[in-house]
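This briefing is meant for a reader who is meeting the structure for the first time. Please look over the sequence and the structure before going on to the points grouped by topic.

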Amino acid sequence: MHTSDARMLRGAAIPTSVVGVGAVLIGLLAAGAKGALAAALATVVVIAFFSVSALAVSWAGKISAQTMMMAALASYVVKILVMMVLVTVVAEVTIWNTTVFGWTVIALAMLWIAAEFRVALQRRPYIDEPRADAPQATESDAREHQAGESRDDDAAEPRNVLDRSP
């Protein structure tokens, strides 16, 4: 797993786990032991679903960008289908409170997505900026470059192709 993928996974799993513990306490207060069990199971389901998805996308990213996109879409479809089956199967279960389970899944899924978004926004993209000690290009340098002449110090310093300043 790439370090940025691990950072994304940690950045979402830790807050979701902490809020999941809070959800267990709220479920305990709201619906007793059945509510606490429902919130605990919902926390496990959300963390497992999103972690497996993140691991699949990370693995596919090593192969190619197209494979990564296919893995992301496939994991999304599988998560939706499994969640539909899970909700259908546990709809009549009386061992835990299904209302607490449903609301906890929704809240934790939204939290996970928000935490991933926050980590993605904190990631600093690589920007190629010229060094401060590098000589600045002037108009005469540009004319010399267009005329085919070159200075010796330009050969040692690569030009920044992203710099669009005059």
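This is a predicted model: local features need pLDDT of at least 70, side-chain atom pairs count only at pLDDT 80 or more; totals for chains, interfaces and linings use all residues.

Gly22 counts as partly exposed, because its relative accessibility is 27%, and its place is in helix α1.

- When residues up to four places away in sequence are not counted, Ser51 touches Leu9 and Trp112.

**The helix α2**

- Helix α2 has 25 residues and reaches 36 Å from its first C-alpha to its last, which is close to the 36 Å expected at 1.5 Å a residue.
- Buried residues of α2 include Ala71, Ser75, Lys79 and Met83, and what covers the buried residues of this helix includes α1 and α3.
- An α-helix has 3.6 residues a turn, so residues three or four places apart point the same way.

**The largest nonpolar core**

- The largest nonpolar core has 21 residues, and those with the most contacts inside it are Phe101, Val105 and Trp112.
- The elements that give two or more residues to this core are α1 and α3, and the largest share, eleven residues, comes from α1.
- Leaving aside neighbours within four places in sequence, Phe101 is in contact with Ala38, Leu41, Ala42, Val45, Leu86 and Trp96.

**The second largest pocket**

- About 480 Å³ of space lies in the second largest pocket, and of the 19 residues that line this pocket, the closest to its centre are Met8, Ser53, Ala54, Val57 and Glu116.
- Three helices, α1 (3–61), α2 (65–89) and α3 (98–122), each supply at least two residues of the lining of this pocket, while the largest share, nine residues, comes from α1.
- Sorted by class, the lining of the second largest pocket has nine nonpolar residues, together with five polar and five charged ones.

Definitions and conventions
Residues are numbered from 1 along each chain as its sequence is written. Side-chain values use heavy atoms; hydrogens and water are left out. On a 1 Å grid over the protein atoms alone, a cavity is a set of points where a 1.4 Å probe fits but cannot get out, and a pocket is an open set with protein on both sides within 12 Å along at least five of seven lines; lining residues have an atom within 4 Å of a point. Grid points are joined across faces, edges and corners, and a volume is the space filled by probe spheres set on the points. Helices (H or I, at least four residues) and strands (E, at least two) are DSSP runs, numbered from the N terminus. Ala, Val, Leu, Ile, Met, Phe, Trp, Tyr, Cys and Pro count as nonpolar, Asp, Glu, Lys and Arg as charged, and the others, Gly among them, as polar. The expected span of a helix is 1.5 Å times one less than its number of residues. Buried means under 20% relative accessible area, exposed over 50%, partly exposed in between (1.4 Å probe, protein chains only). Contact means heavy atoms within 4.5 Å. A nonpolar core is a set of buried Ala, Val, Leu, Ile, Met, Phe, Trp, Tyr and Cys residues joined through side-chain atoms within 4.5 Å.
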